Amino acid sequence: MNRIILASILFLFQINVFAQQFSVKGKIINQNKTPLEFATASLLKGDKTLHLQASTDSLGNFILNPEKGNYRLIIEQFGTEFSNKEIIVNQDLDLGIIEVKELVQLDGVTIKSRKKLVEQKVDRLVFNVENSVVATGGTALDALKSTPTVRVQNETISIVGKGEVLVMIDDRLNKMTQEDLVAFLRSIPADNIKSIEVITTPPAKYEAEGNSGLINIKLKTAKANSWTANLGSTYVQRNYASGNINGLFIYNYNKLSLQASINKGTDQFRTTSDNRIYYPNELWKHDLKTKSKTDILSIGFGADYKLTEKWTSGVKYLGSFNDRNAVNNPLTTRYNTSGEINSYILSDVNAQNKPKMNSINWNNVFSLNNEGKNITVDLDYFNYQKDDSRTFSGNEIDNQNENIPETYFACNQF
C-alpha cells in the first residue's frame with residue numbers, strides 16, 4: 001500500500017513538473033517612447049508553428065505563459081514585423097521595454113473628417129480599412145493580415161485568444177471551409193472594404209458557441225447624392241506571376257442606391273515541404289513540391305430603395321466562383337539503418353477544387369425614431385457547392401532507378 005501511495009505522489013509530481021508554465025512579459029514602445037497598442041507578440045516553436053500569441057494593451061504591455069522550451073519571439077503590428085529573435089524559456093522572463101521603430105506614426109494623428117485607423121469599442125475592435133494603405137491594390141485577405149489581433153497563417157484565420165472564428169460579409173455569415181474562405185477573400189478587393197470588425201463578444205443572435213469570435217467585413221456604400229467608379233488591377237511576382245483586375249461602381253441619389261462590383265484574377269503559388277517518418281528499420285524522407293493555380297471570379301450587386309421616410313428595402317447578391325488546380329510529384333526516399341537507400345517511391349498527383357457560392361439577401365429596415373433605433377427584417381438565400389477531384393498514380397523503383405515489378409498504384413477520388 002505504501003508503495004502505491006509513493007508511486008501516486010511521484011506520478012502527480014511528475015505531471016506538475018511537465019505541466020509547469022512560465023511567464024514571458026514585456027512592454028513595447030515606439031521611437032517616441034509611446035506605448036504601442038494592438039501590437040502582437042507571438043511565440044513559435046522550432047518547426048515554426050504558432051504556440052502562443054498575445055496582443056498589447058493600451059500601455060503596451062503583453063504577457064505569455066509558455067511551457068519550458070526554445071521559442072522564436074515575433075513582435076508585429078498591422079502586418080509589419082518589428083522584431084524576430086530566439087528565446088529560451090526555463091524561468092519567468094521579463095523582457096523589459098522593447099523599443100521598435102514605426103515607419104509611420106499612426107497613434108495620435110488626427111485627420112479632419114476621417115475616422116481613426118483603429119477604434120476600440122465595448123465588444124469589438126474596428127479597423128477602418130479605407131483609411132489604411134492596405135486598401136490600395138490588396139485583397140480582403142491582405143486587409144485581414146494587417147488587422148490587429150487577427151492572424152492569417154497556412155490558410156487559417158484566427159483571433160488572438162479565441163477558438164473557432166466565423167467570417168461575415170456585411171453582417172451575414174459565410175459558412176465554408178477555411179481553404180475556400182481564403183480563396184473567397186482573395187476575390188474581394190480591399191478597395192471595396194470600408195472596415196473590418198473583430199468581435200470578441202459575439203451577440204446572442206449569432207449563436208456563437210464556446211470561445212468563438214466573429215470577423216465582420218463591412219463593404220463600402222455611397223455617400224448621399226453622389227456616385228463613384230473605380231477600376232484597378234494588381235500584379236504580384238513570386239515564383240509564379242499572379243494578378244487581377246477589379247471594378248467598382250456605387251450610385252446614391254434621392255431614394256435609390258446602387259452598387260456593383262466585379263473581380264477577375266489568377267493566383268499562383270509554389271510550396272515545398274519535406275517530412276521524415278522514422279520506422280524501426282527504415283527512415284522515409286518525403287519531399288513535396290506543389291504548384292497551384294486558382295482562377296478567381298467574384299461578382300456583387302446591390303440595390304436599395306427608400307419606400308417611405310421610415311422604410312427602406314433592398315436586395316444584395318454576392319457570388320464567388322473559383323477554379324483551383326494543384327499539381328505535385330511527391331518523392332519518397334527509403335533509407336535503411338545504415339543510411340543507404342533501399343528504394344524510391346515516385347508519384348504524380350493532380351487535384352482540382354471548384355467551390356461556388358451564391359448569396360442573395362432581401363433586407364428591410366424600419367426606422368423607429370431619430371436616435372438610430374430600428375427594426376430589420378432579412379430574408380437570405382445561401383447556396384454553396386464544391387466539386388473536388390484528386391487523382392494520383394506511381395510506382396516504386398530501386399536504388400538503380402529500375403522499376404520494381406508489381407508496385408504500380410493509382411487512385412481517383414471524387
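Two strands are taken to pair if DSSP finds at least two bridges between them. The legends below describe close-up views of a predicted model.

**Figure 1. The open sheet of three strands in the predicted model.** The strand order is E4-E1-E7, and the pairing is mixed. Strand E4 (61-64) and strand E7 (93-99) form the edges, each pairing on one side only. On average, neighbouring strands of this sheet are turned by 15° against each other, direction ignored.

**Figure 2. Pairing of strand E1 with E4.** Strand E1 covers residues 24-29 and runs antiparallel to E4, to which four bridges join it.

**Figure 3. A nonpolar surface patch.** Val-315, Ile-360, Trp-362, Leu-379 and Tyr-381 together make a patch of about 490 Å². Strand E22 (341-367) and strand E23 (374-398) are the elements that give two or more residues to this nonpolar patch.

**Figure 4. Leu-379 within the nonpolar patch.** Leu-379 is placed in strand E23. The relative accessible area of Leu-379 is 54%, and this residue is therefore exposed, the cut-off for that class being over 50%.

**Figure 5. The aromatic pair of Tyr-251 and Tyr-253.** The structure holds five aromatic pairs, and the rings of Tyr-251 and Tyr-253 form one of them. A pair of aromatic rings is described by the distance of the centres and the angle of the planes. For Tyr-251 and Tyr-253, the ring centres lie 5.3 Å apart and the planes stand at 45°, so the pair is tilted. Planes under 30 degrees apart would count as stacked and those over 60 as edge-to-face. Tyr-251 has a relative accessibility of 27% and counts as partly exposed. Tyr-253, at 32% relative accessibility, also counts as partly exposed.

**Figure 6. The aromatic pair of Tyr-279 and Trp-284.** The ring centres of Tyr-279 and Trp-284 are 5.4 Å apart. Their planes meet at 65°, so this pair is edge-to-face. Tyr-279 has a relative accessible area of 42% and is partly exposed. Trp-284 is likewise partly exposed, with a relative accessible area of 23%; a residue would be classed as buried under 20%.

Note on methods: Residues are numbered from 1 along each chain as its sequence is written. This is a predicted model: local features need pLDDT of at least 70, side-chain atom pairs count only at pLDDT 80 or more; totals for chains, interfaces and linings use all residues. Side-chain values use heavy atoms; hydrogens and water are left out. Axes are lines fitted to C-alpha atoms, for helices over the stretch in contact, and angles run from 0 to 180 degrees between N-to-C directions. Patches are made of residues with over 30% relative accessible area and no salt bridge: like charges are joined within 9 Å, nonpolar side chains (Val, Leu, Ile, Met, Phe, Trp, Tyr) within 5 Å. Accessible areas come from the Shrake-Rupley method with a 1.4 Å probe; for residues, only the protein chains shown count as cover. A salt bridge is a side-chain nitrogen of Lys or Arg within 4 Å of a carboxyl oxygen of Asp or Glu. Buried means under 20% relative accessible area, exposed over 50%, partly exposed in between (1.4 Å probe, protein chains only). Rings of Phe, Tyr and Trp (its six-membered ring) pair if their centres lie within 6.5 Å; planes under 30 degrees apart count as stacked, over 60 as edge-to-face and the rest as tilted.
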